[in-house]
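This report goes through helix packing and pockets in one protein model. The sequence and structure come first, and the description follows.

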Amino acid sequence: MSKYDVVLGARSSNRLCASQYIRGTVRDFLEFHGDRRFGDDAAVIGGIGMIDEMPVTVIGIEKGRTTRERISHNFGSAHPEGYRKALRLMKQAEKFHRPVVCFVDTAGAFCGVDAEERGQGLAIAENLYEMSTLKTPILSIVIGEGGSGGALALSHGDRIWMIDGSYFSVVSPENCANILWKSTEKAAEAAEALKLTAKDLEELSLIDRIFHELPLGADRHQERDYMKNLAKSIKKELEKLKEEPIEKLLGERYQKFRKVGY
C-alpha cells in the first residue's frame with residue numbers, strides 16, 4: 001500500500017469517527033456546547049465522562065459518516081469557535097485536575113472568509129500556546145486525518161498516538177503538489193515525500209504509539225472489545241502521566257516539541 005493509499009483510506013466514510021470512539025471508550029459522557037464568545041461549532045464535540053473510574057475531559061473533531069452527518073459537522077473542518085470551545089474545556093479540565101483526551105480527525109481547519117474574520121489563525125495559536133503549559137496530562141490520538149494546523153490545535157500533548165491507517169501532516173498531498181508542481185496530479189509523489197503515515201512518524205519519533213485499527217467489517221462485539229482495549233490503554237497511560245509532578249510533566253512536554261526537527 002502506498003502512502004497516498006493510506007491518505008485515501010484515512011478519508012473513508014467507513015472509518016470510525018470521533019463520536020464512536022468517545023461512546024466506546026468513555027462512560028457517562030456529558031457533552032458541553034459553545035465557546036461563550038460566538039456560538040457552538042458542531043465540528044468539535046467535547047465534554048466530561050469516565051474511563052473506568054477515572055474522570056476525564058474528552059474532545060473530538062467529528063466528521064460524521066453519512067452525507068447528512070458530514071454536512072452537519074462541516075466535514076470535520078472546525079471554525080474558530082470550535083477551537084475556542086476545546087480550549088474552554090481544557091482549561092476547565094486543568095481547574096478540576098482532569099486529564100484531557102483528544103480524538104483528532106480533520107483535513108484541516110475551515111478556511112472560509114467568515115472563519116478568518118473571526119480569528120481562525122489566532123484560535124489555533126492560542127490552543128497551542130495554552131496547551132504547552134496546561135497543568136494536566138494531555139493524550140491526543142489521530143484516528144483518521146491529521147491535517148495541518150487544524151489537527152495540531154488538539155495535538156500539543158504529552159503523548160500523541162495514531163491509529164494505524166491514519167495520517168498526520170503539515171499539508172495534504174494535494175495541496176503540497178499544488179504548491180510544488182502547480183498540479184494535484186503528483187499528489188501520490190507528494191505523499192511519499194511528506195512521511196505522513198503512522199509508521200513514518202513513529203520512526204521519526206514524532207508520535208509515541210501506533211494503535212492497531214479495527215478491521216473493516218468487524219461486528220459490534222469486535223468493536224466493543226476493541227474499544228475496551230483502547231480505553232484500558234488510555235487509562236494506563238494517563239495514570240502514568242498523573243503520577244509525575246506537574247512541573248516535570250510540563251518540562252517534558254516542552255522538550256518533546258522543542259527537539260522536533262533536530
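## Residue classes

Ala, Val, Leu, Ile, Met, Phe, Trp, Tyr, Cys and Pro count here as nonpolar, while Asp, Glu, Lys and Arg count as charged. The others, Gly among them, count as polar. The model is a predicted one.

## The second largest pocket

The volume of the second largest pocket is about 600 Å³. It is lined by 30 residues, of which Arg15, Asp164, Gly165, Glu213 and Leu214 are the closest to its centre. Helix 1 (3–10), helix 2 and helix 10 (198–203) are the elements that give two or more residues to this lining.

Sorted by class, the lining of the second largest pocket has eleven nonpolar, nine polar and ten charged residues.

## The largest pocket

The largest pocket holds about 690 Å³ of space. Its lining has 29 residues, and the closest to the centre are Ile160, Phe168, Leu206, Phe257 and Val260. By class, 14 residues of the lining of the largest pocket are nonpolar, seven are polar and eight are charged.

At least two residues of this lining come from each of helix 7 (148–152), strand 6 (159–163), strand 7 (167–169) and helix 12 (246–258). Helix 12 supplies the largest share, six residues.

## Helix 2 against helix 11

Helix 2, which also lines the second largest pocket, spans residues 18–25 and packs with helix 11, residues 220–243. Their axes lie 8 Å apart, at an angle of about 75°. Helix 2 is therefore roughly perpendicular to helix 11, since angles of 65 to 115 degrees count as such.

On the side of helix 2, the contact is made by Gln20, Tyr21, Gly24 and Thr25. Helix 11 contributes Glu223, Tyr226, Met227, Leu230 and Ala231. The contact of helix 2 with helix 11 has five nonpolar residues, three polar and one charged.

## Helix 8 against helix 9

Helix 8 (residues 173–181) packs with helix 9 (residues 187–194) at an angle of about 105°, and the axes are 8 Å apart. This angle makes helix 8 roughly perpendicular to helix 9.

From helix 8, the residues that make the contact are Pro173, Glu174, Cys176, Ala177 and Trp181. Their counterparts in helix 9 are Ala187, Glu189, Ala190, Ala191 and Leu194. Eight residues of the contact of helix 8 with helix 9 are nonpolar and two are charged, with no polar ones.

Key:
Residues are numbered from 1 along each chain as its sequence is written. This is a predicted model: local features need pLDDT of at least 70, side-chain atom pairs count only at pLDDT 80 or more; totals for chains, interfaces and linings use all residues. Side-chain values use heavy atoms; hydrogens and water are left out. Axes are lines fitted to C-alpha atoms, for helices over the stretch in contact, and angles run from 0 to 180 degrees between N-to-C directions. Helices (H or I, at least four residues) and strands (E, at least two) are DSSP runs, numbered from the N terminus. Angles under 35 degrees count as roughly parallel, over 145 as roughly antiparallel, 65 to 115 as roughly perpendicular and the rest as oblique. Contact means heavy atoms within 4.5 Å. On a 1 Å grid over the protein atoms alone, a cavity is a set of points where a 1.4 Å probe fits but cannot get out, and a pocket is an open set with protein on both sides within 12 Å along at least five of seven lines; lining residues have an atom within 4 Å of a point. Grid points are joined across faces, edges and corners, and a volume is the space filled by probe spheres set on the points.
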